[in-house]
Amino acid sequence: DKLDDLKEQGYVRIAIGNEPPYTAVASDGKVSGAAPDVARAVFEKLGIKDLEASIAEYGAMIPSLQAGRVDAITAGLFMKPERCNAVAYSEPILCDAEALLVPKGNPKGFKSYSDIANDAAAKLGAPGGGTEEKLALDAGVPRDRLIVVPDPQSGLKMVQDGRIDAYSLPVLSLNDLLAKSGDANLEVFAPVEGAPVYCDGAAFNKNDTALRDAFDVELAKLKESGEFAKIVEPYGFSAAAAMSTTRDKLCAAQ
Amino acid sequence: MDQPIIRIQDLRKSFGTLTVIDGLNFDVMKGEKLALIGPSGSGKTTILRILMTLEGISGGRIEVCGEPLYHMQRHDAEVAADEAHLHKMRRHIGMVFQHFNLFPHKSVLQNITLAPMLTKGETRAVAEKRARGLLDMVGLADKADYMPSQLSGGQKQRVAIARALALQPQIMLFDEVTSALDPELVEEVLEVMKRLAAETDMTMLLVTHEMGFAHDFADRVLFFDKGRIVEQGPPAQIFTAPQEDRTKSFLRKIIAAGQRV
Amino acid sequence: MDQPIIRIQDLRKSFGTLTVIDGLNFDVMKGEKLALIGPSGSGKTTILRILMTLEGISGGRIEVCGEPLYHMQRHDAEVAADEAHLHKMRRHIGMVFQHFNLFPHKSVLQNITLAPMLTKGETRAVAEKRARGLLDMVGLADKADYMPSQLSGGQKQRVAIARALALQPQIMLFDEVTSALDPELVEEVLEVMKRLAAETDMTMLLVTHEMGFAHDFADRVLFFDKGRIVEQGPPAQIFTAPQEDRTKSFLRKIIAAGQRV
Amino acid sequence: MGDWAGYLTLILQGAWVTVKLTLMGSALALVVAFIAGLGRISRRAPVRWLATAYIEFFRGTSIFVQLFWIYFVLPMTGAELTPMQAGVMALGLNVGAYGAEVVRGAILAVPRDQLEACVAVNLTRFQRMRHVILPQALPLMLPTFCNNAIELLKATSVVSLISLSDMTFQAQVVRSQTGSTLMPFVTILLLYFAMSSAVSFGMRRLERRVTRGLDGVR
Amino acid sequence: MEWDWNFAWSIMPTLLAGFRITLVATALGAIVAAVLGLVFAILRRSPNRLVARGTGFVVEFIRGTPLLVQLYFIFYVLPDLGLRLPALTAGVIGMGLHYATYAAEVYRGGIEAVPRGQWEAAKATNLTTRQTWLHVVLPQAVPPMIPAMANYLLAMFKETPLLSAITVLELMNQAKSVANSSYRYVEPMTLVGVMFLVVSLISVVALRWLERRYGRISR
Ligand SMILES: Nc1ncnc2c1ncn2[C@@H]1O[C@H](COP(=O)(O)OP(=O)(O)OP(=O)(O)O)[C@@H](O)[C@H]1O
Ligand SMILES: Nc1ncnc2c1ncn2[C@@H]1O[C@H](COP(=O)(O)OP(=O)(O)OP(=O)(O)O)[C@@H](O)[C@H]1O
Ligand SMILES: [Mg+2]
Ligand SMILES: [Mg+2]
């Protein structure tokens, strides 16, 4: 089966995003970050030593998985019912709430997506097809005020340039982004009111549930041993949050 | 009498709706030198091009060296010739063009040896030997390694003649071979052709506007108009005692324009 | 004696390292008809092109209608002419080209009226009236609304002559105006030019390979070789009793090639 | 903020991927261009149709869509390609379609006279093409091929769609990791320009070699 | 992944909305390219060496670098220099600038294809430089350019997906959005491909017609 194939092959191919702190690429090109680090630890336990991580656009990840180009996605791709139908998720790994990147002092006082929907002049940036986009649309932000931003750095730049009034990503992503930019004129508002906390999991092809189950077993051991917390907490993620919920709950949630 | 080497029967040729040759008949004997004259657009070039298989025919029949040119036997029936048949028949015929059509990327020598080496499988040595002989004949022995672009028009045309001769065809077609040349260069080409006509028993068909040359060169002159032979006969008769009005008026105009010193 | 209308003094012209004209001197009188003959490459075309200001000069001096062509006065010094000066001088000169150079996107009539309307500010009515007169003269009154592509070569050339005449220049330059024509069409153009030469007192410079025409047309013939005048004189003398060997050998070759019926 | 030298290396790694894509893509495009270009003027109608369909399809749809199909849809039919192979294939087939028209155009631009001279000296169809037509058509193709190669170089930036770490993609990574927008983009602009200059320089030299001896012909 | 007609049908309105933006961007970009291209072509012929060379370099630079990177530059870097353009405007300017360098070549080719004899005839009939351009050269140079220009118009149309990188919600971006939120990729991407193909095939027919109509001028 798939696990044996991977063991034989000696490495596993994972897709990751280009979004610290989920992913970090050092100046020597070495890939780290919370998502690949957890994946590396689990796969090592499964007897697969090497990780071949490739950075992909969020939009290309699920097709890559379905086309068999990667064996798993560990990229902060949050679990949602539709996604649970498209891929086979592991148990939760990285949890985060939604946040807004706004100018210092949050001049327009945005606290929730509906605040933005109610301000007829406000423009919100979010990744295309991401959780934030969906939440904003559900809160009534019209399509033409919801700008599809290709990557976090572009989102930051657009807030700085005043092209959008707020940019929405998970809390940790925005914190990292803001820290790197060193821009004192911006701030992160978190968490967005009314938006749930989301968790991602490692996503596998629907046909590879056996592999996914094996992954889950090792992941659970990792969580138990405390090793898991040691990996994710330095990046700012809460191990407790991940351990307090389950895939079934997240996949059922609306 | 001998079998004619070219036999044209009821030849028809149209371009789209324009009929250029309509029911043409004539024979050419082996070794005969024929001059085709006539006004512009009368179909002279078209006849040579048909003989060279550069143009298909619309009707009629042509025999070259006793074999049909545009037809062939297959399973007891005569069908339209395929490329292989045409290829075989083209061995008999060579052509020299108004604009020389040398291969610009090959040297003079290569222009002459290319076809014998490729089509007859001659070795380079054999092909080059004959090529040098031919260059000598056309007076260009020292230009073997020049590129065509380095030659004058007259020299180019002499190379083109040598190239056609290299394949040793039985029939040579010349289409206004001097009309693209500067007046001073015409003579050297006509010189070569005159010698060729005198020295070989090749059958030659010549289209020209140089009436003086047609006169000296040909055994028989065909005067064409609108794709038909209006008048034919030995040069002495056509040029000095033409019978038809159309021939007379044509010759009068040509003389008025050409004979001016 | 009158002041010459063209005065060429010590003219030099090089293309890169190639010197084409090297120290040429001659004058042309008002109303004179000059024929320039000589072998290919001897610089005949170049002289006409220089007079038409299509080519700059490398040295020497030219005066046209008493004014320097390539020089002008500025602050008491003579300096190289600018475009404005050239524009002014070009009023005196018209040229007919070997390849007609009609404007393909304009009708025959528009080809003739364009320049008078633009450069002399003539009204359409005036320009068209003269244009029709000129078309009548060249025998093309019925072709005014044709496009150039619908005309034969001879007709095109006659339109080109009319176009040049429409500006009423004092000097007309003709560069081998028949050599791109089919032999049968040459006559109609020469006819027009002969009439023009007889009827006007325009100064005309003609480059030609038609020795017969040069003979009938010119008051004086200049024989060029390698950018210099080898021999000059009235046509009767040049064509029947040339003095220089170079002239003799040139004429012999031309005659051999041209006079053949 | 970080270690520029290190991130520059990252961009240079991307540059290497871009170079490889350009070279292999161009090689594929060249082969395809000749096959399809000759197919376009074949005597056999089905060959002509096939070539025309290929050319119109690849010129007609956007390279993004082609890349997507080759990378994501083709594997479902069982053909497994590495991202590099898919990238090379998309670029090569796309630019090859344009090249095919260049090949066809250049062959048709060789004066008809030349073809007639070949018939008159009785060369076979293959001999005509091989010894007379193509040697004269080649110099006509080169300048456009040069442009096509540069187009291909520029098109490599779209392979980031299929997670190939080419230069543009690496610049995006560096941008995310360092928070600087100006530096990575200026760097890759200069690198792209250097590459395209190198392509035109090389092509010009090649052109000079091929056209030697053909001066004054056209 | 199986093809789902219902789904394909349901996303059509969204895609068509994107398609409209694509067409608008192409049309505006084409106008910018045509005008700017003429400017480049004229500047490159300038008698002032510095202007001619400088323009030449700019044109070569723009032509030697990817449009995608140029768009990033215009959209994300220019605001630092105080110029903040709306996304569509930035896209139109970026595409227009990029294709202007191609248009400049077409203009140059068209002008050079006017035979020297025409310039000389204009001089011999004593037209001024301006009159020569206006009445002799351009009327002959422009019609043969039309097919080549139309070709680049089509090329530009097919490059509009790049605009998604600077947040213009054109056809490809809409398709990606749809795909990302539905996890169905085959339908939107294929539909995008079909839309491009349909437009291109229509354009090919139109191009053939243009070529026949304007490609050759009889002399
Ligand atoms: N490929 C072609 N397509 C259409 N018409 C053609 C073609 N070739 C020749 N013609 C026409 O056929 C007629 C005869 O042409 P041809 O070239 O044989 O005349 P010609 O006697 O050689 O004239 P010239 O003395 O001008 O060379 C002309 O009206 C010409 O326009
Ligand atoms: N633009 C040019 N550049 C370089 N050389 C030129 C140019 N124009 C003419 N020449 C050379 O100048 C010389 C004279 O040319 P010109 O055209 O004046 O001769 P010609 O007497 O008119 O000859 P022909 O009878 O062949 O027309 C020739 O050697 C020609 O090659
Ligand atoms: Mg003919
Ligand atoms: Mg001349």
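## Interfaces, a sheet and annotated spans

The rule finds one salt bridge across the interface of chain A and chain E. A salt bridge here is a side-chain nitrogen of Lys or Arg within 4 Å of a carboxyl oxygen of Asp or Glu. This is a predicted model, in which local features need pLDDT of at least 70, side-chain atom pairs count only at pLDDT 80 or more, and totals for chains, interfaces and linings use all residues. Residues are numbered from 1 along each chain as its sequence is written, chains are lettered from A and ligands numbered from 1 in the order in which they are written, and side-chain values use heavy atoms, leaving out hydrogens and water.

**Chains A and E**

The bridge joins E:D80 to A:K157, with the closest N and O atoms 2.9 Å apart. On the side of chain A that touches chain E, α3 (58–66), α4 (81–86), β10 and α7 (152–160) each supply at least two residues. The most comes from α3(A), with four residues. Helices (H or I, at least four residues) and strands (E, at least two) are DSSP runs, numbered from the N terminus.

The contact (heavy atoms within 4.5 Å) takes 23 residues from chain A and 17 residues from chain E. A:V148, A:K157 and A:R163 lose the most area in chain A, together 29% of what that side buries.

**Chains D and E**

Here 31 residues of chain D are in contact with 32 residues of chain E. In chain D, the most area is lost by D:K154, D:L189 and D:F193, together 21% of what that side buries. There is one salt bridge between these chains. It joins D:E56 and E:R208 at 3.4 Å, N to O. α8(D) gives the most, with nine residues.

Buried area is the accessible area (1.4 Å probe) that two parts lose on being put together, summed over both.

| Interface | Buried area | Carbon and sulfur share |
|---|---|---|
| Chain A and chain E | about 1,800 Å² | 54% |
| Chain D and chain E | about 2,900 Å² | 73% |

**A sheet in chain A**

Five strands of chain A form an open sheet with mixed pairing, in the order β10-β9-β11-β8-β12. β10 (146–149) and β12 (186–189) are the edge strands, each pairing on one side only. Two strands pair if DSSP finds at least two bridges between them. In chain A, β9 (residues 124–127) and β11 (residues 166–170) pair in the parallel sense over two bridges. A:L124 stands opposite A:A166 in β11(A).

**Annotated spans**

An unreviewed UniProt entry marks residues 20–41, 53–74 and 182–203 of chain D as "transmembrane region". UniProt positions follow the numbering used here, feature names are shortened, and annotations may be inferred rather than shown by experiment. Residues 20–41 of chain D are 95% helix and 0% strand, with end C-alpha atoms 32 Å apart. Residues 53–74 of chain D are 86% helix and 0% strand, with end C-alpha atoms 19 Å apart.
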